[in-house]
Amino acid sequence: MYSTKIKGVGHFVPDNVVTNDDLSKIMDTSDEWIQERTGIQERRWIEDGSDENTASMGAKAARKAIENAGLTKDDIDFIIFATLSPDYFFPGSGVLIQDMLDMPTIGAVDIRNQCSGLVYSISIADQFIKTGMYKNILVIGSEYHSGALDKTTRGRGLAVLFGDGAGALVLSRSEDPSKGILSTHLHSQGEHAEVLTVKTPSIRHWVPAIIAAGEEDTSYHPFMDGQKVFKHAIVRFSEAIDEGLEANKLTAEDIDLFIPHQANLRITQFVQRRFKLSDDQVFSNIQKYGNTTAASIAIAMSEANEQGKMKDGDLVVLAAFGSGFTWGSVVIRW
Ligand code: UT7
C-alpha cells in the first residue's frame with residue numbers, strides 16, 4: 001500500500017469584496033449582527049455580468065495547486081470536484097474543469113456533499129492513491145453562492161453567510177507511511193436532509209411548477225434552520241476530531257494546526273475551547289470570505305500554506321459539517 005501526500009495547494013477568489021455595510025444597504029441587517037453571530041466581516045461575490053462561474057474559479061485554483069505541487073497538467077490522473085453550486089444540472093462541473101485545463105481523457109467525478117465535500121473528496125482520493133490506482137489526483141472545491149442567494153431582507157438569514165471562491169489540492173502517491181494522510185472518517189445522517197437545502201429546480205419540482213407558483217415559491221433559494229445546524233455542528237465537529245485522533249492514538253495536544261470548514265467563527269471557537277487549542281493552533285479566514293462550503297477548507301489550507309503555518313512533520317487536522325447532514329475529519333502528518 002502506498003500513502004497519500006498533499007503535494008500542492010491553491011485557491012482563487014473573485015476580486016469583488018462585499019462588506020457587511022454593503023449588505024446593510026440592500027437588506028435589513030448590520031455589521032454588528034453579522035460579526036457578533038458569525039465573525040464574518042466581508043465576503044467575495046462574483047460581480048454581476050462577469051463571465052466567472054463555478055468551473056472557471058475551480059480551474060483557476062487547480063492551476064495554482066498543480067504549479068504549487070511542481071507538476072504539470074499532464075501529470076494529473078483523475079479529478080474529484082466538490083460543489084453545491086454546479087454550473088449545470090448535468091453534466092457535473094468536473095468535466096468542465098477538465099476541458100478548461102485542457103487535460104487528456106482522464107476521469108472526473110462530482111461530489112455532492114456540500115460543506116463536507118472537500119473532506120469526502122480527500123478521502124476518496126486517498127483510497128484511489130493508496131491502492132495504486134492513481135498517482136496524482138486533483139481535488140477541487142468551488143462555489144458560486146451569490147447567484148442563488150435571496151439578497152433581500154427575506155433571505156438575510158442565509159445571504160450574509162455565504163461567499164464565492166475555489167480551492168484545490170493535488171494529492172500524490174508517496175512511499176513514506178509516516179507522512180501524509182493518516183486517516184479519514186466520514187459520516188452522514190439523511191434524516192436531517194431538509195434542514196439545510198436548496199430544493200428546486202429538481203425532478204420533484206421542475207421549472208414549469210416554479211413558474212406557475214409565482215413569487216410565493218422561494219424553493220429555489222437555500223433554506224436553513226440555522227439553530228438546528230449550529231447545535232448539530234458543534235457536536236459532530238468534535239466527534240469527528242475525536243474519532244480521527246483516537247484512530248491514530250493521538251490527543252488534542254498533538255495538533256499543530258486545526259483547519260475547520262469555515263461555517264461560523266462561533267462554531268470554530270466552540271470546538272477550539274472543547275479541545276483546549278490556542279489561537280495559533282486554529283486557522284480561520286471566514287472573516288474575509290464567509291462560508292464558501294466545499295471550497296472553504298481548500299482555500300484555508302492554501303492560505304495557511306502561504307503563511308508558512310504547515311511545517312514539515314506538523315499534525316494538521318481538518319474537519320467539516322454541513323448539509324445532508326454530512327460530516328467528517330482528515331488527520332494529516334504534513
Ligand atoms: O456550513 C454549515 C452550514 N451552516 C452553519 O453552520 C450555520 C449554523 N448556524 C448559524 O451559524 C446561526 O444559526 C446563524 C448565524 C445562521 C443565525 O444565528 P442565530 O443566533 O441562530 O439567529 P436566528 O436565526 O435565531 O435569528 C435571530 C434573529 C431573528 O429575529 P427575531 O425573530 O429574534 O426577531 C432573525 O430574524 O435575528 C434575525 N436575523 C437577522 N438580523 C439581522 C436573521 N438574520 C439576520 C441578519 N441580520 N442577517
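Let's start with helix α11, residues 296–306: 9 of its 11 residues are buried, so the rest of the structure largely encloses it. Buried means under 20% relative accessible area, exposed over 50%, partly exposed in between, with a 1.4 Å probe and protein chains only. Helices here are DSSP runs of H or I, at least four residues, and strands are runs of E, at least two, numbered from the N terminus. The buried set includes Ser296, Met301 and Glu303. Just after α11, glycine 308 has a positive phi of about 70°.

A word on the source. This is a predicted model, where local features need pLDDT of at least 70 and side-chain atom pairs pLDDT 80 or more, while totals for chains, interfaces and linings use all residues. Numbering runs from 1 along each chain as its sequence is written, and side-chain values use heavy atoms, without hydrogens or water.

Now the surface. Phe89, Phe90, Ile203, Trp206, Val207 and Ile211 make a nonpolar patch, together about 740 Å² of accessible area. Patch members have over 30% relative accessible area and no salt bridge, and nonpolar side chains are joined within 5 Å. Areas are Shrake-Rupley, 1.4 Å probe. Tryptophan 206 sits in the loop between β9 (196–197) and α7 (207–213). Its relative accessibility is 41%, so tryptophan 206 counts as partly exposed.

Last, the inside. How many cavities of 30 Å³ or more does the search find? It finds 1. A cavity is a set of 1 Å grid points where a 1.4 Å probe fits but cannot get out; lining residues have an atom within 4 Å of a point. Leu149, Asp150, Gly155, Leu158, Ala159 and Pro222 line the largest cavity.

Terms used: On a 1 Å grid over the protein atoms alone, a cavity is a set of points where a 1.4 Å probe fits but cannot get out, and a pocket is an open set with protein on both sides within 12 Å along at least five of seven lines; lining residues have an atom within 4 Å of a point. Grid points are joined across faces, edges and corners, and a volume is the space filled by probe spheres set on the points. Patches are made of residues with over 30% relative accessible area and no salt bridge: like charges are joined within 9 Å, nonpolar side chains (Val, Leu, Ile, Met, Phe, Trp, Tyr) within 5 Å. A salt bridge is a side-chain nitrogen of Lys or Arg within 4 Å of a carboxyl oxygen of Asp or Glu.
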